[in-house]
Amino acid sequence: MTTLLQQIANGIALGATIGLIALGYTMVYGIIQLINFAHGEVFMVGAFGGLAVHRWLLPEAWQGDWYISLPLMIVGGVVVAVTIALIMERFAYRPLRNAPRLAPLITALGVSIVLQEAIRIWFPNAESAQAYPKAFIDAQVDLGPVSISASKLLIIVVSVALSVGLQLYVTKSRMGRAMRATAQDRDTARLMGVNPDRVIVLTFLIGAALAGVAGVLYGVDITNVDNAIGFQNGIFAFTAAVLGGIGSLRGAVIGAFIIGLIKTLGGQYMPGGTQYDYVWIFVVLIFVLVFRPQGLFGEAERVRA
Amino acid sequence: MKASALVAAGALLLTACGTNKTESGGTAGGGNANCDTSKGTLVVGVIAPLSGELSALGLGIKNSADLAVREANDKCAVPGYKIALDAQDDQKNPQQGAQAATKLSQDDNLLGVVGTLNSSVSLAVAPILSQNKIVQVSPANTSDSLTKGEDLNAPKRQFPTYFRTCTVDSLQGPFAADFLVGEQSKKKIAIVTDGLTYGEGLAAEFAKKAEALGAQIVTRQKIGEKDTDFSSVIAAIKPSAPDALYFGGQYPQAGPMSKQLKDAGLDIPVMGGDGIFDDKFMSLGGKDGDYATSVGAPTDSLESAKTFIEAYNKAGFQDGYSAYGAFSYDATNAIIGAAVTTINGGEWSTDKREDLVASVAKYNAQGATGAITFDEFGDSTNKVLTVYSVSGGEWVPAKTGTYEG
């Protein structure tokens, strides 16, 4: 029983990290129908942005106090992630906005490789894994029989808070309405006075900011990062977005928690143990897609007039 | 007075060569200007991970081979020839390794290849070199199957051109079990592996011996090669309450795992093979009281290695010689030494490659890691191993011995 609860806690923590990344996948897809495969790399770059702040910008006196260093690292991670995402949108995707869908997809794969290699070559010593500062309370929190690290709890809290905030922003605010309008029909939205370029930039910006936060929190929790973390977590996040119904915010977050739980519980209880935990994720994905191709919360694809 | 000026000039000349070589990646010749190099240049190839997460180990291999080549040139070791180094990056990837092997074997002046680091890469490299009759001496492959095939009870030599200067898993695993179970009295052991040839082989041999010594393997888990969050694996291990964990894999995962184990309230020693024996293990979370076995005696404790370490430090490489430097130095010297006997003052041609393989098989000399000779399978006859423990954030030798079986 303890083990079951412990694995559920681990699964929720993993789901929280994936969820923050999955939101970026699902938003961009919702607006411009692009699967931005480089989004996992934005997460990775964000983690390295936070590391750079800690290593070169923070005065030593502040490094010990997590309530000073962690917010600054998050700001650093978000700034780097957003900058990269905006450059990527402007120079890699915007010129291809009206090209066949396959072109931006391949471009996204190319951007992903560029970012991985850029970090490997230009971030000092990043050709191998880098130790990450534990810029948070370094302790275990006991919740009944379950023991979870404080940094994992932080990820869960931040992830849920940001997802709810984003959902409110998209459904209640003026810009959120513009985003939904652009997602439904870009040309009509333009006729109604919405500037699609601004909406698209905003979408990339929000997605990257969330990924940047996730990157820094991931680094603080795991205490080491390398240039491949974006690939691994990006695949999970993409799968979560598809499972939940790509284009749906709620779906992405719920999909992420489902994947987190399948991975930890599958590794514990299914035959093959942790060696096969990835298998169960994709088995579930296939089953869901067979019976609900649009994903759990997705809308069936509309044929455009 | 005159003599000292000459020495100073000589030193300047050497320094100049050294700088030049470092800049050009060690491929330029340099060395003693008085050598007769009229017959051209011969090449020693290196295949190792020069970039990526294992680059610390790979660069140590490359630099140490470079050092051996420089020394051979300084000594005019092969009459009439200059020796050059051609180092190729395998990125610890078998496919890259195979490409590098194909590329190197196009070179008619290639004597042999030093490498690889990963057993899984050698499985792709060795067949290509073997086909071209090019001798390969690995400083670091520990998988038994490379020399003896899958069935150790009916050993069969796999590649006639393959040799190695380090010890193998079938010795390293049991040596670790002797230490952990026999001396440290750990009786409930969890095993975690990364699914690669190296880690699986090591852990299998460890488990066999540990069980024979009366320990219980309470759980076996596998992790993905790129995993970094081990919380679910640790939660799966925890209920079986092991008193030690044996890890078959490399330091990029062993370090974080050691830390996450402790964080999760399972403060037990982690032990692994030479793959976790690197300073990065500690910076990524390896804790005091963790253990690693490694092949050979501690390099800096060996009388025979002193000259190697001195020369290495003097050569001004940016990176340390790392776990396999001394083995790589010996491997390179074995190839060069065998080339001297094979060429025997004559001309090198690709027809001589088979003779070169035979000469390496008969090679017998004192190297940095001890006497360098090979048995009928191509394995090193040097069976010395060492257990290291982490203490004060550094690897400290805990026990050195010869494994007798």
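**Exercise 1.** Determine which strands of chain B helix H3 lies across.

*Solution.* Helices (H or I, at least four residues) and strands (E, at least two) are DSSP runs, numbered from the N terminus. Helix H3 (residues 94-105) of chain B lies across S1, S2 and strand S3 (110-115) of chain B. Its direction runs at about 155° to S2(B); axes are lines fitted to C-alpha atoms, for helices over the stretch in contact, and angles run from 0 to 180 degrees between N-to-C directions. The model is predicted: local features need pLDDT of at least 70 and side-chain atom pairs pLDDT 80 or more, whereas totals for chains, interfaces and linings use all residues. Residues are numbered from 1 along each chain as written, and chains are lettered from A and ligands numbered from 1 in the order of writing.

**Exercise 2.** State the strand order of the open sheet in chain B, and explain why one side of S2 and of S5 has no neighbour.

*Solution.* The five strands follow the order S2-S1-S3-S4-S5, with parallel pairing; two strands pair if DSSP finds at least two bridges between them. Strands S2 (81-89) and S5 (162-164) of chain B stand at the edges with a single partner strand each, so one side of each lacks a neighbour in the sheet. S1 (residues 40-48) and S2 of chain B pair over nine bridges, and Thr41(B) has Lys82(B) as its bridge partner.

**Exercise 3.** Describe the side of chain A that touches chain B by residue class.

*Solution.* In total, 27 residues of chain A are in contact with 29 residues of chain B (C-beta atoms, placed from the backbone, within 7 Å). The chain A side has seven nonpolar, 17 polar and three charged residues. Here Ala, Val, Leu, Ile, Met, Phe, Trp, Tyr, Cys and Pro count as nonpolar, Asp, Glu, Lys and Arg as charged, and the others, Gly among them, as polar.

Terms used:
Contact = placed C-beta atoms within 7 Å.
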